[in-house]
Amino acid sequence: MATVVRLTRAGRKKRPFYRIVVTDSRKRRDSGWIESIGYYNPMVDPEVVKFDSQRLEYWKSVGAKLSDRVARITSK
C-alpha cells in the first residue's frame with residue numbers, strides 16, 4: 001500500500017480547517033484515513049499548526065510520502 005501524509009479538509013464554507021492525516025494515496029481527499037497526526041488552521045493569525053512529530057517521523061521511516069503542503073507546514 002502506498003501511504004501518504006496529507007491534509008484533509010474540515011470546517012465550514014469559506015472557513016477551512018485541515019487535519020494532517022496518513023492515508024492510502026489512492027483514496028479521495030476527505031475519505032477514510034489510517035491515522036490523524038495533527039491539524040492546521042490557516043484562518044487565525046498567526047496560523048496554528050499542531051502535529052505529533054514522533055508519529056510523523058515514524059510514518060516517514062516506514063515509507064510514507066509527504067504532500068508538498070504538509071512538507072512545507074511541518075518544516076517551519
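**Briefing on the predicted protein chain**

The protein chain exposes about 5,300 Å², of which carbon and sulfur atoms supply 48%. This is a predicted model, and of the 76 residues in the protein chain, 33% count as buried. The protein chain has two helices and five strands, which run β-β-β-β-α-β-α when followed from the N terminus.

**Overall dimensions and contacts**

- A compact globule with 76 residues would have a radius of gyration near 11 Å, and the 12 Å of the protein chain agrees with that.
- Taken along the principal axes, the box that the C-alpha atoms of the protein chain fill is roughly 35 × 25 × 20 Å.
- When contacts in the protein chain between residues at least 6 apart in sequence are considered, 32% of them join residues at least 24 apart.

**The sheet**

- The five strands form an open sheet with mixed pairing, and their order in this sheet is S4-S3-S2-S1-S5.
- Strand S4 (48-51) and strand S5 (65-66) stand at the edges and have a single partner strand each, so one side of each is left without a neighbour in the sheet.
- Strand S1 (residues 3-12) and S5 run parallel and are joined by two bridges; Val 5 has Leu 66, in S5, as its bridge partner.

**Charge**

- The side chains of the protein chain include 18 positive and 8 negative ones, and the centres of these two sets lie 7 Å apart.

Technical notes:
Residues numbered from 1 in each chain as written. Predicted model: local features only at pLDDT ≥ 70, side-chain atom pairs only at ≥ 80, totals over all residues. Heavy atoms only, no water. Helix = DSSP H or I, 4+ residues; strand = E, 2+ residues; numbered from the N terminus. Rg over C-alpha atoms; globule rule 2.2 N^0.38 Å. Buried < 20%, exposed > 50% of the residue type's maximum accessible area, 1.4 Å probe, protein only. Contact = heavy atoms within 4.5 Å. Areas by Shrake-Rupley, 256 points an atom, 1.4 Å probe, with all protein chains shown as cover. Lys, Arg positive; Asp, Glu negative; His and termini not counted. Charge placed at Lys NZ, Arg CZ, Asp CG, Glu CD. Pairing = 2+ DSSP bridges.
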